[in-house]
Amino acid sequence: MSSETSSQSPVPSQPGGESRKPRVAVVFGGRSSEHGISVVTAGAVLRAIDRDKYDVLPIGITHDGRWALTADAPDRMAITDRSVPDVAQLADSVDGAVVLPVDPSNREVVLAEPGSVPKALGEVDVVFPVLHGPYGEDGTLQGLLELSGTPYVGSGVLASAVGQDKEYMKRVFTSFGLPVGPYVVIKPREWETDPSAARKKIVGFAGDHGWPLFVKPARAGSSFGITKVDSLEGLDEAIEEAQRHDPKIIVEALLRGREIECGVLEFEEGPRASLPAEIPPVSDHAFYDFEAKYIDSASGIVPAPLTDEQTAEVQRLAVEAFDAASCEGLVRADFFLTEDGEFVINEINTMPGFTPISMYPRMWQESGVSYPELVDRLIQAALRRPTGLR
């Protein structure tokens, strides 16, 4: 696939009529368990943004939800000694808080510090939210940006919420005729009021589909809280681990086959799918978990060794999933290619891992779109797209 030059959005003007570069606020960190991975992603995005074309404002959200002005220091935002970085290590002030006005007529961001007059940080033209998980990727931040009338990269409120909740994601896909694997959901009240009945429900599901099962938080990512359970004996411990990340859990049957991923990127004429990738079995790991993805840097195969017909089919399904969930901007769609030769969609990620070695950028690199161009395309698309109903 050949790349195209993204069109330049209208350049904002200062009060005196002088043109200026669009200002991009890269927002990262957040309150979810994926905080550290979000910081790593932000470092890669900050490094890739063309500073001749854009002004950049890095804003980190701490674990407790405070918005902080941070150092523009991509080299400090990487995994070192098997540890992920933290917004608190990058914040310019431990007491100051960045405030985004919820006023469509005023996009000026201010820094408020105790005992000081609020400091204007200038207007923000577009937000690049590289948060993963709840309180960022799930429609909450997108709702705030809609209220403020600030353009942003990625999907809107509905698609972000659907993409975060594995139960409703699967319900949406099923309603559009997309193939999904067997699953059962245990809601918080079920486990709190009658754990034996909830356990019996899962055991009955295992009777229909067999062990092992995968017990997951329904609204988490980066493989946090997932346990592969081989028998009833490990079930309660797996539920407890999943509920450390989300009180609602989803239990999925094992699908035997190959793990295939496909990226979707929104172009001016509509969404397109990248060349797909394959995630091969990872030695020393029960499945493609957090340690395998980010610490041991297990690598996928790009492009995936598929037939032309299989490649076309998974690309078609990826775009259909993008449209079914009303997504915008970007999506990584994850599939299983079963032993019967059928593709089954597992999930979508509306803000996938975005470091240069992450699968989404790698798939687009192989499809003719470099990492810096990918970042630029997403910013330009966000600048063109209005907020509000659309």
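**Terms and their grounds**

Reply: Val27 stands opposite Ile59 in β2, where strands are DSSP runs of E with at least two residues, helices are runs of H or I with at least four residues, and both are numbered from the N terminus. This is a predicted model, in which local features need pLDDT of at least 70 and side-chain atom pairs count only at pLDDT 80 or more, while totals for chains, interfaces and linings use all residues. Residues are numbered from 1 along each chain as its sequence is written, and side-chain values use heavy atoms, with hydrogens and water left out.

Me: What makes β1 and β2 a pair, and in which sense do they run, parallel or antiparallel?

Reply: Two strands pair if DSSP finds at least two bridges between them; β1 and β2 (residues 55–61) have seven bridges, in the parallel sense. Both belong to an open sheet of four strands with the order β3-β2-β1-β7 and mixed pairing.

Me: Why are β3 and β7 called edge strands?

Reply: β3 (67–69) and β7 each pair on one side only. Neighbouring strands of this sheet are turned by 30° against each other on average, with direction ignored. Helix α11 packs on the sheet, touching β1 and β7, and its direction makes about 135° with that of β7; here axes are lines fitted to C-alpha atoms, for helices over the stretch in contact, and angles run from 0 to 180 degrees between N-to-C directions.

Me: Why is Thr41 called buried?

Reply: Buried means under 20% relative accessible area, exposed over 50%, and partly exposed in between, with a 1.4 Å probe and protein chains only. Thr41, which lies in helix α1, has a relative accessible area of 0% and is therefore buried. Leaving aside neighbours within four places in sequence, Thr41 is in contact (heavy atoms within 4.5 Å) with Val130, His132, Gly353, Phe354, Thr355 and Tyr371.

Me: Why does Gly270 count as buried?

Reply: Gly270, placed in strand β13 (residues 270–273), has 14% relative accessibility and so counts as buried.

Me: How do you know that the buried residues of α7 line one face of the helix?

Reply: The buried residues of α7 (residues 235–243) are Leu235, Ala238, Ile239 and Ala242. Seen down the axis of α7, they fall within an arc of 100°, so they line one face of the helix, the arc being that of the directions from the helix axis to the C-beta atoms. The face turned away from the buried side of α7 carries the exposed residues Glu237 and Glu240.

Me: What makes a set of residues a nonpolar core, and which residues have the most contacts inside the largest one?

Reply: A nonpolar core is a set of buried Ala, Val, Leu, Ile, Met, Phe, Trp, Tyr and Cys residues joined through side-chain atoms within 4.5 Å. The largest has 34 residues, and those with the most contacts inside it are Val26 and Phe128. Among the elements giving two or more residues to this core are β1 (23–29), α1 (35–48) and β7 (126–129), while α11 gives the most, with seven residues. A second, separate core of 28 residues includes Leu178, Ala318, Phe335 and Ile348.
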